[in-house]
Amino acid sequence: MLKLHRISAKIAGITVLRKIETEFRAGSLVAVVGRNGAGKTTLLRSIMGLIQLDEGRIEFGGRDLARIPDYRRASLGIGYAPEERIMFPTFTVEENLRLPCDVLGMPGREIDARLERTLAVVPQLKDMLQRSGAALSGGQGKMAALGRALMAGNKLVLLDEPFQGLAPVLANQYAESLRRLRDLNPELCVVVTESNGSLLRDLPDTTLTLERGELISSAGVAGQHLHEEQYR
Ligand code: ATP
């Protein structure tokens, strides 16, 4: 569903992604691991069109993403939760959740259905719906950010370091939500970055490892088969 064809990206003149070639399949949960600065955030931002590629191409559902401006990518069914929290403080959590769909002009019935689906995956949000975005703790904000990514992303969901700074009990709840997400949406592709890959335990189907902007290995289960590839 999502193919990266030898993508490279630079920030401030320095190459931070180097010729990444990989494919993300529908129905898979992919972990992207690597140390701080390895390029995980830049990889997700490239897919969202927030960073211009220096070379290469990104294909989503057979379409070249370069032709689709960043603000329209959510309309393709791509949801993104950046590492930093961006809840609108004066809106309620429910309004924050509905926002990406409202912006896309989605009919109210469809938004209601998506909200229901989201609450089934992240049930903790039910009690927060009427609270203001400003009233959330760090962990609650992460749950709400996951919810918002799920509202827009019915094909692909990109989650940037969601476990960062989460207390163990919340990290477990978050992992449970990812498990439910996979069980309830067998066609969805979920990409999660993590500097400490062990927090995801046995969840990922595939684990991609980045080192200094290079994809150095891919390991996991594809279909029925275990695979492990080293790229250098
Ligand atoms: P982290 O876990 O720290 O977020 P990461 O693997 O997500 O790490 P990126 O944030 O993608 O890594 O950063 C990749 C490289 O790009 C790093 O060397 C980082 O210092 C550099 N970089 C990222 N953003 C900027 C920026 N705004 N200006 C300059 N350099 C940047």
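1. Helix α2 (residues 93-103) holds both R98 and E94, which sit four residues apart, about one turn of the helix. Helices here are DSSP runs of H or I with at least four residues, strands are runs of E with at least two, and both are numbered from the N terminus. R98 and E94 form a salt bridge whose closest N and O atoms are 3.0 Å apart. By salt bridge I mean a side-chain nitrogen of Lys or Arg within 4 Å of a carboxyl oxygen of Asp or Glu. D112 joins in too, and E94, R98 and D112 are linked in a network of salt bridges.

2. Before going further, a word on the source: this is a predicted model, with local features needing pLDDT of at least 70 and side-chain atom pairs counting only at pLDDT 80 or more, while totals for chains, interfaces and linings use all residues. Residues are numbered from 1 along each chain as its sequence is written, and side-chain values use heavy atoms, with hydrogens and water left out.

3. The cut-offs are under 20% relative accessible area for buried, over 50% for exposed, and partly exposed in between (1.4 Å probe, protein chains only).

4. A search of the whole structure gives ten salt bridges. One of them pairs E161 with K40, with 3.5 Å between the closest N and O atoms. This pair ties together distant parts of the chain, 121 residues apart: E161 is in the loop between β7 (156-159) and α5 (168-184), and K40 is in helix α1 (residues 40-47). E161 counts as buried because its relative accessibility is 4%, and K40 is buried at 3%.

5. E59 and R57 make another salt bridge, again with the closest N and O atoms 3.5 Å apart. Here E59 is buried, with a relative accessible area of 18%, whereas R57 counts as partly exposed at 37%.

6. Strand β8 (residues 189-194) deserves a look. Six of its six residues are buried, so β8 is largely enclosed by the rest of the structure. The cover extends to both faces: C189, V191 and T193 are buried on one side, and V190, V192 and E194 on the other.

7. Which strands run parallel to β8? Strand β3 (residues 29-33) does, joined to β8 by five bridges, and β7 does, joined to β8 by four. Two strands pair if DSSP finds at least two bridges between them.

8. β7, α5 and β8 form a right-handed β-α-β unit. Right-handed means that, with the strands pointing away from the viewer, the path from the first strand over the helix to the second runs clockwise.

9. Zooming out, the protein chain has five helices and eleven strands. Its radius of gyration (over C-alpha atoms) is 17 Å, close to the 17 Å that the globule rule gives for 232 residues, so the chain is as compact as a globular protein of that length. That rule is 2.2 Å times the number of residues to the power 0.38. The C-alpha trace spans about 50 × 35 × 35 Å along its principal axes.

10. Buried residues make up 48% of the 232 residues in the protein chain. Of the contacts (heavy atoms within 4.5 Å) with a separation of 6 or more, 67% are between residues 24 or more positions apart.
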